[in-house]
Amino acid sequence: MELLSSTKCFDGWLKRYRHESSSVSGDMTFAIFLPPQTELQSVPVLYWLSGLTCTDENFIQKAGAFRKAAELGLAIVCPDTSPRGSDYPNEHESYDFGSGAGFYVNATVAPYSDTYRMYDYVVDELPSLIEANFPVTDKRSISGHSMGGHGALICALKNPGRYQSVSAFAPITNPVACPWGEKAFTGYLGDNKEVWQEWDASCLIANAEERLPLLVDQGEADNFLVEQLKPEALEAACEKVKHPLILRRQPGYDHSYFFIASFIEDHLEHHSQALG
């Protein structure tokens, strides 16, 4: 790993690294916050997945999470949102597909299948790297925003026992039935919509092997609420099989990091309790 920066923060350290990734066949960058407790012991980890157009830096600069994470003794890892450095056709032409828009799936359509394997990176490769090189335990939780909220939900639902808790801010809950998801899934996974369902939280709920409680915050003034996010789909899916869901609709809040910063401490408490 190549250390890109190291900054002291709330008596802990915020570090950014670049490393060669086998999952995406190229270099990836991630940020990690190590709370002050790591000077004496290993701590559990929250993985944060960011949304469309973002990198590892959006959360660390805007969420205001580190004071609380330092208090709780919680490490936070923030990966990038897609592979970087390739130059596929149409990869850089729109904000909702390609660069910055990996959707946390394993692409099966060429040429994206060569590198767009963000699911493998987030679920397997990155945690293995983190646990081998930093003072952290194998106790993990996962959270995210928008596209990253979608990613957090599917990672937890597809991997029973791997995460102690999961939460999301304004997640894309039903990507098989919204413009963002339809565009991304067609490009990464092809035209077979039955395959798409394997990457959709609202579809995965019915057969989930673990009833891990879901904590979701959704702003009611979110411009993307009706067309793209569809929290009612997740709510209906959970209700049908009695999957535990706390869906908090927050009046007046939009899709921005101001929304995330307003409620991030609630989510950190949620994860800390589950992580013990």
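Analyst: A polar contact is a pair of N or O atoms within 3.5 Å, where, within protein, one atom must be able to donate a hydrogen and the other to accept it. In this predicted model, such a contact of 2.7 Å joins the side chains of H267 and D217. H267 is found in helix α10, which covers residues 257-275, and H267 counts as buried because its relative accessibility is 1%, buried being under 20%. When neighbours within four places in sequence are left aside, D217 is one of the residues in contact with H267, and the others are S143, S167, A168, F169, L215 and R248.

Elsewhere in the chain, L34 lies in strand β3, residues 26-34, and L34 also counts as buried, because its relative accessibility is 8%. The C-alpha atoms of L34 and A75 are separated by 5.0 Å, although these two residues are 41 residues apart along the chain. Not counting residues up to four places away in sequence, L34 touches G12, W13, K15, F134 and P135.

The largest nonpolar core has 90 residues, and the members that touch the most other members are F30, I76, F103, I142 and Y188. Helix α3, residues 118-133, gives the most to this core, with 8 residues. For Y188, the residues touched, not counting those up to four places away in sequence, include F97, F103, V105, V109, Y112 and Y116, and among the others are G98, A101, G102, A107 and T108.

Definitions and conventions:
Residues numbered from 1 in each chain as written. Predicted model: local features only at pLDDT ≥ 70, side-chain atom pairs only at ≥ 80, totals over all residues. Heavy atoms only, no water. Helix = DSSP H or I, 4+ residues; strand = E, 2+ residues; numbered from the N terminus. Buried < 20%, exposed > 50% of the residue type's maximum accessible area, 1.4 Å probe, protein only. Contact = heavy atoms within 4.5 Å. Core = buried A, V, L, I, M, F, W, Y, C linked by side-chain atoms within 4.5 Å.
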